Amino acid sequence: MSKLSNNQGRAYEFACLNELYKSISEYRNVELIKNSSYTAAKRAFATLTEKEKQTYRISALAMIPSIFKREPRIIEDDTDTLELYIQKDEEGEKGDVRDIIIARDGIKWEIGLSIKHNHFAVKHSRLSPSIDFGEKWFGFPCSEKYWEDIEATYRYLEKAKQQGKTFSEIPNKENKIYKPIIAAFISEVKRQYQKHPSVPRKLVEYLLSKYDFYKVISVDKKQLTEIQTYNLHGTLNKSAKHRKPTIIVPIASLPKRIINIDFYPNRKNTAELSMDNGWYFTFRIHNAETYATPSLKFDIQIKGMPTEILTINCSWE
């Protein structure tokens, strides 16, 4: 993700956090926790123009009624204090993609929102000679065969780095770099799945989250805020003491089987993965830096998901 996109993402987190705080305050006691992540988001928001700030606020406001209808515990007027805060980025590395946490210690309850500004990518995971993606993604170390398969490609990139080459100066990148890395990745996922039947479920939990969440995406060009419901473990949409959700969020099934993983048709830099229950992902590998380095990055997109994962379009007023 570029520095600009990262800054816009943090700024949008700040807008969502503050609009939530103001809206929740109308119903109950709420504490806004001003941690280091809050400070970073506030700083990013301050860099926006006044017009941009207003756009971000309007976008954030649009999603709030829909969230409240699905989560009555947020606005339940009880004796406890609701806490509202932005999580540290490190939590994402541990498999928790939630940016904003809404929590009530009194009833040991929390939900989270993943906040996105004009982008739909699931992850931007790296591959390198020192990254064991099997251990990181599934909890199972990559095989010796995988390390053998990637060795020559990364050695080639290390040589190009020592020569001070840019990626654009490397000839035939798709065949020399991207294709062999994608091939090694595909083969390793197949090997892991043959040994460990839990790989499909663990893969989705890595790519999406170990925790249930609502994904909130600001789509500025369309002047709408999109909400996606990822209720994979049944922890969203709980009733309050005296109020039930006015809109039901179904529980979606995690995959149990890999149906196919292979190269995306006519692309040497992209793999496609289809699993049962409607799950379908693409993995496009690309260079993350201008200059050659033995490290590559995935742009991972979710192209298909269970029908129980709802998409709600909230138009801006």
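This is a predicted model: local features need pLDDT of at least 70, side-chain atom pairs count only at pLDDT 80 or more; totals for chains, interfaces and linings use all residues.

Analyst: Let's start with Q223, which sits in the loop that links β6 (213-219) and β7 (224-230). Setting aside its neighbours within four places in sequence, Q223 touches S315 and W316. There's also T55 to look at: 168 residues separate it from Q223 along the chain, yet their C-alpha atoms are 9.0 Å apart.

Now for the helix pair. Helix α6 (residues 144-162) packs with helix α7 (residues 173-195) at an angle of about 165 degrees, and their axes lie 9 Å apart. Because angles over 145 degrees count that way, α6 is roughly antiparallel to α7. The crossing of α6 past α7 is left-handed. On the α6 side, the contact is built from K145, Y146, D149, I150, T153, Y154, Y156 and L157. Facing them from α7 are K176, I177, P180, I181, A184, F185, E188 and R191. Sorted by class, the residues of this α6 and α7 contact come out as 10 nonpolar, five charged and one polar.

Rolling a water-sized probe over the atoms shows where empty space is left. Here the count is one cavity of 30 Å³ or more, and the largest cavity holds about 30 Å³ of space. Its lining is made up of R10, E13, S37, I86, Q87, D89 and D99. By class, that lining of the largest cavity has four charged residues, two polar and one nonpolar.

Terms used: Residues are numbered from 1 along each chain as its sequence is written. Side-chain values use heavy atoms; hydrogens and water are left out. Axes are lines fitted to C-alpha atoms, for helices over the stretch in contact, and angles run from 0 to 180 degrees between N-to-C directions. Helices (H or I, at least four residues) and strands (E, at least two) are DSSP runs, numbered from the N terminus. Angles under 35 degrees count as roughly parallel, over 145 as roughly antiparallel, 65 to 115 as roughly perpendicular and the rest as oblique. A crossing is left-handed if the near helix is turned anticlockwise from the far one by less than a right angle, and right-handed if clockwise. Contact means heavy atoms within 4.5 Å. Ala, Val, Leu, Ile, Met, Phe, Trp, Tyr, Cys and Pro count as nonpolar, Asp, Glu, Lys and Arg as charged, and the others, Gly among them, as polar. On a 1 Å grid over the protein atoms alone, a cavity is a set of points where a 1.4 Å probe fits but cannot get out, and a pocket is an open set with protein on both sides within 12 Å along at least five of seven lines; lining residues have an atom within 4 Å of a point. Grid points are joined across faces, edges and corners, and a volume is the space filled by probe spheres set on the points.
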